[in-house]
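Trainee: Could you walk me through this structure before I start on it alone?

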Amino acid sequence: GMVQWDLENLSKDYPAYKRIMGFVIAKHDLPRTRLGKLKRYVIENEYLPEFTGVKPRKENNISISDEDLRISALETTKQIVSILSHELSLKKPAQLADHLEIDLGLDSLRRIELLVALEKGLNVTIPSTSIAKVFTVRELVLELETIIYEQKPTVKKTEGKSAEGALWGEILQIEPSKELLKKISLQPSWSARLFAKAIAGLLRLIFKIIWRFKVIGKENLPQNEPFILCINHASYLDGLLIGAALPAWLIKDMFSIAYNTVFERPVVRCFMKLLKIIPVNQVVQLVDAMQVSAYVLRNGKALALFPEGARSIDGEVQEFKKGVGILAQSLNLRLLPVYIKGSFEAWPRGRRFPKPHKITVTFGKAVKAEYLKQQGLKLGAKDDYQAISMAIREAVLEVKSGGHETS
């Protein structure tokens, strides 16, 4: 309990993706090799069930205080626990001491979805900052009790004031903030187009010399319609590789989202608008990232996304986040699977410098969201958004395994 309390206090000013999502305290020495190195696979097999939920959560043996008894008896608490149980498919009711991230597994996207469900269930407007700053179910109850008292349950929401509280379809119809709109150029000047094409051409030349760069399937890229490129992500090079792989006619209409912590630096900030890279932290500013993505797509542009959310550690295609499914379903778009082969070997996560290795970018065929949804539901998806994300991941794996590439 003290360790969890310390972690909460140390990380309260950090976004969710920088917080420790779980931990296990070992009561004995961890297994080591004869050279003294940790046996990682043995440790993983022993402790992974603690994080995946295979082992049940330990019951809290601490006696319940009078204050917790009072909180537990609140109607708000009962409503919140019911909503949590439904939204997170909990096998047993949430407890006041449960940590939203460590015990209940809430990431940034799930926090937004939970906020939507809480607003509907409690009939109040909840600022996104409220749910972002709470750690436990107890804190969530107390925060929402205050909001309910201040607003009264009968208060109606003002359109556009709380985008997070609307359904995703409504969220995506709201334009991005003026600050973000300043970073988007839907109709670039001829000089900006020339600059972007020159950069793409230079990258293409460098990649051909160093990595024997090859592009397959350009004919599959749709023309005169918005669509999303869904790309595997295994290297620092991936974003640049996609830019170099695009045909000249598409460069002016292709946007991408990037972490603002990297691209908001003064040295590179001035080039981002010209290269159609929109700096938004997709973890901390998830709603902003979704709205800006929907904005460029509604305006007939294309979007390059890495649905895994982060670079793969081992080069294998990881689970796709639901965000791409939300965009495709809400805007009725086609998704195009893309597989980058060789970038992991050329410059994997954790390696300081790249090395020569053949790299190939293969564009698959664009697929309608409705078809992906049906395929994903057959794979066991829990909802339409997850179904689309699961199915387009399978499409990327099909591009990886086959038919398009020649030696």
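Predicted model: local features only at pLDDT ≥ 70, side-chain atom pairs only at ≥ 80, totals over all residues.

Trainee: At what angle do helix 10 and helix 11 cross?

Mentor: The axes of helix 10 (residues 190-211) and helix 11 (residues 238-245) cross at roughly 110 degrees and come within 8 Å. Helix 10 is therefore roughly perpendicular to helix 11, a term that covers angles of 65 to 115 degrees.

Trainee: And which residues meet there?

Mentor: Ala200, Leu203, Arg204 and Phe207 in helix 10 meet Leu240, Leu241, Gly243 and Ala244 in helix 11, where contact means heavy atoms within 4.5 Å.

Trainee: New topic: how many aromatic pairs are there?

Mentor: The structure holds three aromatic pairs, with ring centres within 6.5 Å as the criterion for pairing. Phe207 and Phe213 form one that is edge-to-face (planes over 60 degrees apart), with 5.7 Å centre to centre and 65 degrees between the planes.

Trainee: Is Phe207 buried or exposed?

Mentor: Phe207 counts as buried, at 3% relative accessibility, since buried means under 20% relative accessible area. Phe213 is buried as well, with a relative accessible area of 7%.

Trainee: Which residues do ring pairs link into a cluster?

Mentor: Ring pairs link Phe207, Trp211 and Phe213 into a cluster.

Technical notes
Residues numbered from 1 in each chain as written. Heavy atoms only, no water. Axes fitted to C-alpha atoms, helices over the stretch in contact; angles between N-to-C directions. Helix = DSSP H or I, 4+ residues; strand = E, 2+ residues; numbered from the N terminus. Parallel < 35°, antiparallel > 145°, perpendicular 65-115°, else oblique. Phe/Tyr/Trp six-rings, centres within 6.5 Å; stacked < 30°, edge-to-face > 60°. Buried < 20%, exposed > 50% of the residue type's maximum accessible area, 1.4 Å probe, protein only.
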